[in-house]
Amino acid sequence: MLNTINVVRYQLSKLLQALVVQEIATRIGKEPNVVLDVINPGLAKIQLTRHARGMLGWQMIIIKALLARSAEGGSRMLVHVVTDAGPKSHGLYFSNCDIKR
């Protein structure tokens, strides 16, 4: 079973990331020289959990087999935000190629 403390820390780190980026984007202004976004590419079949052992390793194998997209599919999100979103996306959160508020 996943360690509950680690799951909560992961969730809090993602929330903190979104809030910090939003605050920095607000301070930079509406017409920035640099566009700052938060991007969630989703669960992808990459080797990030290759060292997971025991029950966690088996859970990740099953979850990825059922729910994860390919590494290429996950990278499409990054390419979409860089090429299509532009300055109007400054300070926003993207998940599955959509703006989430």
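Leucine 66 is exposed, at 68% relative accessibility, and sits in helix 2 (residues 54-67). In this predicted model, leucine 66 is one of the residues of a nonpolar surface patch. The structure also holds two salt bridges, and a histidine, residue 90, is buried at 13% relative accessible area. The mean pLDDT of the protein is 85.

**Confidence**

- Of the residues in the protein, 97% reach a pLDDT of 70 or more.
- Helix 1 has the highest mean pLDDT among the elements, at 88.
- The lowest mean pLDDT among the elements, 79, belongs to strand 3 (residues 98-100).
- Where pLDDT is low, predicted coordinates should not be read in detail.

**Leucine 66 and the nonpolar patch**

- The patch on the surface is formed by Leu43, Met55, Trp58, Ile61, Ile62, Ile63, Leu66 and Leu67.
- Together these residues have about 880 Å² of accessible area.
- Leucine 66 counts as exposed because its relative accessible area, 68%, is over the 50% cut-off.
- Between the C-alpha atoms of leucine 66 and serine 95 there are 19 Å, with 29 residues separating the two in sequence.

- Glutamate 23 and arginine 27 form a salt bridge, in which the closest N and O atoms are 2.8 Å apart.
- Both residues belong to helix 1 (residues 4-28), where they are four residues apart, about one turn of the helix.
- Glutamate 23 is partly exposed, with 39% relative accessibility, while arginine 27 is exposed at 68%.
- The C-alpha atom of glutamate 23 lies 8.0 Å from that of glycine 91, although the two are 68 residues apart along the chain.

- Arginine 76 and glutamate 72 are joined by a salt bridge between their side chains, at 3.1 Å from N to O.
- About one helical turn separates arginine 76 and glutamate 72, because they are four residues apart in helix 3 (residues 71-85).
- Glutamate 72 is exposed, with a relative accessibility of 51%.
- That value places glutamate 72 in the exposed class because 51% is over the 50% cut-off.

**Histidine 90**

- Histidine 90 is in the loop that runs between helix 3 and strand 2 (93-95).
- Histidine 90 counts as buried because its relative accessible area of 13% is under 20%.
- The histidine 90 side chain reaches two backbone atoms: the oxygen of alanine 25, at 3.2 Å, and the nitrogen of leucine 36, at 3.2 Å.
- When neighbours within four places in sequence are left aside, the contacts of histidine 90 are Ala25, Ile28, Gly29, Pro32, Val34, Val35, Leu36 and Asp37.
- Among the contacts of histidine 90 are therefore both residues whose backbone atoms its side chain reaches, Ala25 and Leu36.

**Glutamine 47**

- Glutamine 47 lies in the loop between strand 1 (38-40) and helix 2.
- Glutamine 47 is exposed because its relative accessible area is 52%, over the 50% cut-off.
- Glutamine 47 and valine 7 are 40 residues apart in sequence, and their C-alpha atoms are 19 Å apart in space.

Definitions and conventions: Residues numbered from 1 in each chain as written. Predicted model: local features only at pLDDT ≥ 70, side-chain atom pairs only at ≥ 80, totals over all residues. Heavy atoms only, no water. Salt bridge = Lys/Arg side-chain N within 4 Å of Asp/Glu carboxyl O. Helix = DSSP H or I, 4+ residues; strand = E, 2+ residues; numbered from the N terminus. Buried < 20%, exposed > 50% of the residue type's maximum accessible area, 1.4 Å probe, protein only. Polar contact = N/O pair within 3.5 Å; in protein donor to acceptor, adjacent residues only side chain to side chain. Contact = heavy atoms within 4.5 Å. Patch = residues over 30% accessible without salt bridge, like charges linked within 9 Å, V, L, I, M, F, W, Y side chains within 5 Å. Areas by Shrake-Rupley, 256 points an atom, 1.4 Å probe, with all protein chains shown as cover. pLDDT = per-residue confidence, 0-100.
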